[in-house]
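Have a look at the sequence and the model first, and then read my notes beside them.

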Amino acid sequence: MRSDALTIAMYSSDASLYQVAPLVIAYPENRDDVVAIVKYAADAGLPIIPRGAGSSVTGGPLGPGIVIDFSRRLNRIESFDDETVHVQAGVTWSELNRFLRPQGRYFAPDPANSAVTTIGGMLGVDAAGSHSVRVGSTRNHVHSMEVVLANGCVIEAGPESLDILQTMPDMGSIVEAERTQSFLAKRNLVSRLSRLLDDHAELIRDRQPPGVRNTAGYFLRSVLKDHVIHLPRMLIGSEGTLGVFTSARLYTTPLPAHRSAALILFGQLEGALRSVRALEKHQLSACDLLDRRLLSLAREADPRFHELISPAAEVALIVEQTGMHAKDVQDRMRAILQTVRDVNLRSVVAFEAETDADVEFLWTLPSRVVPLLTKLKGATRPLPFVEDMAVPPEAVSEFLLSAQRILQRHQVTASLYAHAAAGQLHMRPFLQPPQPGDGPRLEGLARDLYQLVFSLGGSISGEHGDGLSRTAFIRSQYGALYRVFQQIKDIFDPHNLLNPGKIISNDQHTTAKNFRPVAESQLNAEPELVPLQLQWSPQTFAAAADRCNGCGECRTQSPDLRMCPFFRQDPIEEASPRAKANLVRGVLAETIPADMLVSEEMQRVANLCFNCKQCQLECPSNVNIPQIMIEAKAAYVAANGLHRADWLLSRAHTVGALGSTLSLAANWLVSNGTTRWAIEKLTGISQHRKLPLFARRSFLRSLGSRYSEKPQPKPGQPQPIVYFVDDFANYFDPELAASFVAILRHHNVPIIVPKTQTSSGMALISAGDIEAAKEVAAENVRTLGGLAREGFQIVCTEPTSALCLRDEYPKVLDHPDVHVVANQTIDAGSYLLGLHKNNQLRTDFTELNQTIGYHTPCHVRALTDRAPMAELLALIPGLTVAKINRGCSGMAGAWGVSAKNFRTSLRLGWGLISEMRSGQFTLGATECSTCKMQMEQGTDQPTLHPLKLLALSYGLMPELEKKLSPSKNRLVLS
């Protein structure tokens, strides 16, 4: 359990507009822990708030009590059989379906944020998704649930015959006594509920009719049926207000044998809506609608969608059909498309997908693009407070027409994404982030839209629950039935301790309270409380933190992404990038004391970021968490200084220069186990980390006066380039630098290698030592600035150096040439690939019969959306390039060298290490020097820079031939 100020701040918000500070956070490891927490809370009169991924857009998992985080430890798949699977509440939808897919089955409901959404969260709100028109919602796929009641008693909630009311339990042992207690608790619930539901059966039928998606309030329709009370039907969607769900047995579904989908474009919304109505007879698997704003974002986000989607399109439909036979599915899709053409002759079928890969690509349109709404620039943002309305499918057209008039009256616009065939409408009005005084405006807009929903027989919530944003309107939707909801709440939770204030509340203004403070709006002209170290204003710093909307996408553990290696290792909130944005926003909004920014506690959280850039790259809003955390580290360093080990490791360039000068002695020291133990105690460098040998002479020293002068271009000769030599190539691997120079000479590219260049300084920046980094950056900018102004490209063989010059220097240095240098910097792979694209790269390669395991460094992914070196290596005849897609290497420069981080580094990079130890490759390849170190950890198999392989294949560096077989002499074993 945690109750420190920073942890409280991390759990005070979700993906909604709201912020409520909890009392304490609990991380249960098993069901018994949850029981103990609930019993303690009952005795102490403290609220219990269950939480999964914290990705709710309604404020459902927020409250001033004990927040139980199920996602960290209660996340196991416990058992499965032919038709069901038993899972703990913290298992994510994507993890469950990755497990089920090899068995040919899946859990069918598909919420939008499925990569991070937990099963407990899906149970809490009765999540649905794009395919709900065919597969229904979570409620339709649950066999039974394990529920901890408000008094700590545990029941297995499934369909219960009313015969239980005439059954007496057996009395006996302690274990049987616990079972008896559970039995009696369940019988009591069944008795009271059955009477209540039977007494109000007509009211329930009237106020909860079929035909519309509805998760507002408690689901009571068909809960009591045929002498059976179906507890899961009612508990699902109750948002933790009736019990705490610890696990569930779920029904699984066979994977569709065949799928077909199409993207259809329309010039007008009305035409698309007519098509939706006409398609009802075809029993679609899915039918989603996207408005013009989303289509524009899609065109910008992916070049494939840019080609497919016409700028003239006002709206699009994605339709899908599934079946057991390919021809049947194809015939039905042809019939669907013909129906659309019959209704709207001007519709355009932009894309037809008939393979699983193409269908999945098509569904990336909404899954990738809808989150991009938060990325839109401007004073207003799409706010998620009325975004879950549902109406009968036949009323969608009338609703949208009337809703437009309401929006115009309130002088706002909105984005629209809809599961159109199911009548589920995700509408987000564009408004400024709300301040305390904005509550009445939001309430007024919500009230007008909800009155329209009620008039059409719809619901204020179709699949995202009620939370804080919609609870105040439940009474208006249900009238007299609301009193029945209150009685149900009293039966399950008489003391109102289970997620209080959600669904049942006497506060009619929950929609307009507890808004999350906007850090940027809190800043004024007064001096900042903590001086900023990077080149941005307090307003820009605050805006960077405010850009995080809390969606939780950064909590993903998808193998297709690299999002946050730390969170993958331990899925605790503080490791997520979202938590870091929340903390900084809290400091700037003064909900956290300003001095916490320079505290050891904040430094502990900041150190769960080593500047790999993957969160910024993969975040839908591209929130720059690495820069935010560098600022946090820099504030700490400015106030407290660097720890000794961090000071030494961030100055590896100085160690490299000294080690190269004294290479014989230095290499003996790093090769000797006893001295490595002493080095660890003195410097913090792990004695277990395999280290490279120092070169006897650095590359820059070996050049003498060559390449130091600016060459005069000759007619027909390529433009000269400036070679920025990183520390590793200079002090440890001059052969790498020589290989690159040889390749350039092979292409008649004139070379400039400035002698006054120094380290890039990335290690200093990542450690937060900004003052030292400024000195290094200033020296390099003075050296490179004039050449950059003349238009020479600055080419780096180390991707981290390229990233530092391009992205980090403008953040740490105020210099007239810093942006010129940044704009002219490129990594060697991208430079050579550019030559290839322009037909200037020579292809006189000799054959290399090798199988290499290639790892794309994180900083290469941050530099470019391609893997240039892998593409270049693929040009070499006989060379088999196998990409190792096992995520981040876990090194992050000097970070993975330190003793305090060594074990964590190995855990983060274990997938990569395991691949290299598997024996399937003759050698490894990567352009990152520290990724190379991790790939060689625990194996004698060498890893080479791709430039060496290119040079060897060109016949330029025959001395590299020996590197193609393992050589223990070249690798230092600790």
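Here are my points, one topic at a time.

1. First, some ground rules. This is a predicted model, where local features need pLDDT of at least 70, side-chain atom pairs count only at pLDDT 80 or more, and totals for chains, interfaces and linings use all residues. Residues are numbered from 1 along each chain as its sequence is written, and side-chain values use heavy atoms, with hydrogens and water left out.

2. How many salt bridges does a search of the whole structure find? The search gives 39. A salt bridge here is a side-chain nitrogen of Lys or Arg within 4 Å of a carboxyl oxygen of Asp or Glu.

3. Start with Arg2 and Asp4, whose side chains meet in a salt bridge at 3.2 Å, N to O. Both belong to a network of salt bridges that also links Glu574 and Arg604. Asp4 is partly exposed, with a relative accessible area of 24%; on this scale, buried means under 20%, exposed over 50%, and partly exposed in between (1.4 Å probe, protein chains only).

4. Next, find helix α12 (residues 326-343), which holds both Lys327 and Asp331, four residues apart, about one turn of the helix. Helices (H or I, at least four residues) and strands (E, at least two) are DSSP runs, numbered from the N terminus. The two side chains form a salt bridge, with their closest N and O atoms 2.9 Å apart. An α-helix has 3.6 residues a turn, so residues three or four places apart point the same way. Lys327 is exposed at 56% relative accessibility, whereas Asp331 is partly exposed at 28%.

5. Another salt bridge joins Arg866 to Glu871, with 2.7 Å between the closest N and O atoms. Arg866 has a relative accessible area of 36% and is partly exposed; Glu871, at 29%, is partly exposed too.

6. Now for a sheet: three strands make an open one in the order β9-β11-β10, with antiparallel pairing. Its edge strands, β9 (159-161) and β10 (224-225), each pair on one side only. Two strands pair if DSSP finds at least two bridges between them, and two bridges join β10 to β11 (residues 228-230). Lys225 has Val228 in β11 as its bridge partner.

7. Finally, which residues of helix α9 (residues 269-278) are buried? They are Gly271, Ala272, Leu273, Ser275, Val276 and Ala278. These buried residues pack against β14 (258-266), β15 (286-291), β16 (315-323), α12 and α14 (396-409), where contact means heavy atoms within 4.5 Å.
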